[in-house]
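Please keep the coordinates open while reading.

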Amino acid sequence: MNLRERFGIFLGRSEPALPMGHHAASRAVGRLVGVAQTPRELDPALIWSAATLLLLGVVMVYSASIATAEGSRFSGYQPMYFLIRHVVFLVIGLVAGALVFRVPTTQLQKLAPYGFAVGVVLLLAVLIPHVGRDVNGARRWIGFGVANLQPSELMKLAVSLYAADYTVRKLGQMKSFRRAFLPLTAMILFVGALLLREPDFGAFVVITAIAFGVLFLGGINARIFVLLIVVALVGFVLLIWLSPYRRERVLGFMDPWQDSFGKGYQLSHALIAFGRGEWTGVGLGASIEKLFYLPEAHTDFLLAVIAEELGFAGVAAVIAAFAILVLRCFSIGRQAHALERHFAGLVAQGIGIWLGVQSFINMGVNMGLLPTKGLTLPLMSFGGSGILANCLALAVVLRIDWENRQLMRGGRA
């Protein structure tokens with residue numbers, strides 16, 4: 001099954017798409033994905049879901065970090081230390097996103113290999129002594145004075161672009177194991193080896209999901225993809241089992257109460273936070289678990305604080321916003337494919353995979369459904385590199401959406 005046929009199934013069509021002009025494509029998109037012939041400039045559901053997550057993130061980062069900031073000499077005992085930095089990072093991300101929005105996707109496709117190469121160089125730089133910075137036993141950051149850069153976050157965007165470009169270039173060879181599968185796999189394994197040296201197993205999982213998800217959507221042979229999934233699962237199990245600290249995390253995940261002051265400490269307190277929140281929460285700012293009980297409350301375990309303060313209602317709202325955001329990314333990707341813009345379509349859906357997989361893992365960790373992993377909640381958790389990468393990714397999706405709508409109007413992207 002080729003790319004058009006595979007996406008024909010996703011669009012509710014059984015036959016391959018035929019070549020068409022922009023006006024015909026506009027009518028086809030209107031029929032296939034239910035978009036009006038005179039659409040708005042940008043997708044309102046995408047914008048509002050992203051804005052909701054970003055703004056709620058600002059509020060909850062402040063709520064979750066205020067006690068840590070007040071009690072830390074590192075932050076100068078300033079209660080708004082993390083809030084100010086988070087807002088600054090968000091403003092930088094929005095400005096950078098506004099600039100990226102002005103770049104046509106045709107230019108992004110040309111820049112994709114260079115962006116991937118820069119990402120690899122940065123991952124190599126992290127491992128160089130006196131360049132990469134050690135935090136909590138992991139070397140994942142490059143220090144730039146008052147701020148740190150985490151290359152793995154930017155690499156997620158670079159892989160989304162590069163995997164889409166690679167898949168489009170190999171479109172006629174998607175049935176070949178040697179020509180389509182092996183080259184990209186070798187590159188991802190190389191990136192994975194660098195990430196495991198930091199170590200950053202969580203980023204490796206997300207980047208692998210992006211790359212191979214794009215390959216699948218691009219029409220890779222189904223047998224090869226199933227074999228890939230099996231090999232990847234076996235590989236991840238071996239990586240966990242052969243690493244003592246990862247193995248301890250899995251054992252702590254299976255029964256956090258057995259060693260609630262050791263390897264089960266983070267999860268046990270996250271579950272306590274969820275339990276205290278019940279349906280409507282204890283009230284904004286009233287969390288107890290964030291008072292030096294729950295580690296990384298404003299980063300990896302922000303959702304636990306949301307659960308405690310806003311309850312089931314708050315967690316459900318966050319899940320709904322992420323679901324809308326991911327679905328709109330895939331919908332925009334389907335529109336691009338219907339307009340014969342396969343690179344743009346794969347990029348939008350690759351970013352949807354990124355945001356969906358990372359948010360799913362973070363939520364699963366917070367709820368005790370997955371072993372503890374150092375992954376932040378996209379768009380919400382504190383972290384300059386993560387917020388910057390997320391804003392850039394949203395800008396790319398919005399650009400794709402804008403170009404789709406220009407073509408659907410009969411104009412030029």
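## A surface helix and its nonpolar patch

In this predicted model, Val230 belongs to helix H9, which covers residues 222–241. Val230 has a relative accessibility of 46% and therefore counts as partly exposed, since that class lies between the 20% limit for buried and the 50% limit for exposed residues.

Val230 is also one of the residues that make a nonpolar surface patch of about 630 Å², together with Val226, Val234, Leu238, Trp241 and Leu242.

## Aromatic pairs

How many aromatic pairs does the structure hold? There are seven aromatic pairs, and one of them is formed by Phe82 and Phe382, an edge-to-face arrangement with 5.2 Å from centre to centre and 90° between the planes. Because Phe82 lies in helix H4 (residues 81–101) whereas Phe382 lies in the loop between helix H13 (342–367) and helix H14 (384–408), this pair ties together parts that are 300 residues apart in sequence. Phe82, at 9% relative accessibility, counts as buried, and Phe382 counts as buried at 13%.

The rings of Phe116 and Tyr162 make a stacked pair, because their centres are 4.5 Å apart and their planes meet at 20°, which is under the 30 degrees that stacking requires. This pair, too, links distant parts of the chain, with Phe116 in helix H5 (residues 105–126) and Tyr162 in helix H6 (residues 151–169), 46 residues apart. Phe116 and Tyr162 are both buried.

Is helix H14 enclosed or exposed? Of the 25 residues of H14, 23 are buried, so the helix is largely enclosed by the rest of the structure. The length of H14 can be checked as well: at 1.5 Å a residue its 25 residues should span 36 Å, and the end C-alpha atoms are 36 Å apart, which agrees. After H14 comes Gly410, a residue whose phi is positive, near 90°.

A further contact involves a charge and an aromatic ring: the charged end of Arg399 sits over the ring of Phe101, at 6.0 Å from the centre of that ring.

Key
Residues numbered from 1 in each chain as written. Predicted model: local features only at pLDDT ≥ 70, side-chain atom pairs only at ≥ 80, totals over all residues. Heavy atoms only, no water. Patch = residues over 30% accessible without salt bridge, like charges linked within 9 Å, V, L, I, M, F, W, Y side chains within 5 Å. Areas by Shrake-Rupley, 256 points an atom, 1.4 Å probe, with all protein chains shown as cover. Salt bridge = Lys/Arg side-chain N within 4 Å of Asp/Glu carboxyl O. Helix = DSSP H or I, 4+ residues; strand = E, 2+ residues; numbered from the N terminus. Buried < 20%, exposed > 50% of the residue type's maximum accessible area, 1.4 Å probe, protein only. Phe/Tyr/Trp six-rings, centres within 6.5 Å; stacked < 30°, edge-to-face > 60°. Lys NZ or Arg CZ within 6 Å of the ring centre and 35° of its normal. Expected span 1.5 Å × (residues − 1).
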